[in-house]
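Hello,

Please find the structure below, with the sequence. My notes on what was found in it follow.

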Amino acid sequence: MDSSTTRTDLVICKYISQAMEANGITQADLSKALEGRSKGYVSDRVLGKRSWAISELDRLAPLFGLPDALSLVAAACGSISSEAARAYEARERESQITDDLVEPRFEDLPPQELAASRDMNRNLEAETPDE
């Protein structure tokens, strides 16, 4: 990654790579859409080593069924947002599983224990010795 490559560049590169794979688009196809840019030039951008120019994204967008660079960038950002949402949901499921293992829920308690947990005198009765 070039020091001038930003997080946004990497998001766009990742989206383009995934879209290429999903649509059977090759780097040669990108090179042709970019009016004959070299394989090395295209490869550096696909791999995130260099940034794409907006004018280049405008030429590539139709390959992915998008009208322009703005749509391509929006799609790339949307793909990251949905990845973040899936990661959040996975963390929440993992947290819930851990909570279920650590803390018994009241609805899982047998009726006599549930009643005892609601008894306001439970602490006092625990301290009173049986005769």
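Is Ser 31 buried or exposed? Ser 31 is buried, because its relative accessible area is 12% (buried means under 20% relative accessible area, exposed over 50%, partly exposed in between, with a 1.4 Å probe and protein chains only).

Before the rest, two notes on the source. This is a predicted model, in which local features need pLDDT of at least 70 and side-chain atom pairs count only at pLDDT 80 or more, while totals for chains, interfaces and linings use all residues. Residues are numbered from 1 along each chain as its sequence is written, and side-chain values use heavy atoms, with hydrogens and water left out.

Ser 31 sits in helix α2 (helices are DSSP runs of H or I with at least four residues, strands are runs of E with at least two, and both are numbered from the N terminus). Apart from neighbours within four places in sequence, Ser 31 is in contact with Gly 36, Arg 37, Ser 38 and Val 42 (contact means heavy atoms within 4.5 Å). Glu 35 lies in the loop between α2 (27-33) and α3. Glu 35 is not a glycine, yet has a positive phi of about 60 degrees. Most residues other than glycine have a negative phi. Glu 35 counts as exposed because its relative accessible area is 66%.

The core

The largest nonpolar core has 22 residues, of which Ile 16, Leu 30, Trp 52, Phe 64 and Leu 72 touch the most other members (such a core is a set of buried Ala, Val, Leu, Ile, Met, Phe, Trp, Tyr and Cys residues joined through side-chain atoms within 4.5 Å). At least two residues of this core come from each of α1 (7-23), α3 (39-46), α4 (54-60) and α5 (69-102). Helix α1 gives the largest share, seven residues. Leaving out residues up to four places away in sequence, Phe 64 touches Ile 16, Ala 19, Met 20, Asn 23, Ile 25, Leu 30 and Leu 72.

Asp 58

Asp 58 belongs to helix α4 and is partly exposed, at 37% relative accessibility. Beyond its neighbours within four places in sequence, Asp 58 is in contact with Asp 68 and Ala 69. The Asp 58 side chain reaches the backbone nitrogen of Ala 69 at 2.7 Å.

Cysteines

How many disulfides does a search of the whole structure find? The search finds zero (a disulfide is a pair of cysteine sulfur atoms within 2.5 Å). Cys 13 is buried at 4% relative accessibility, and Cys 77 is partly exposed at 37%.

Regards

Definitions and conventions
Polar contact = N/O pair within 3.5 Å; in protein donor to acceptor, adjacent residues only side chain to side chain.
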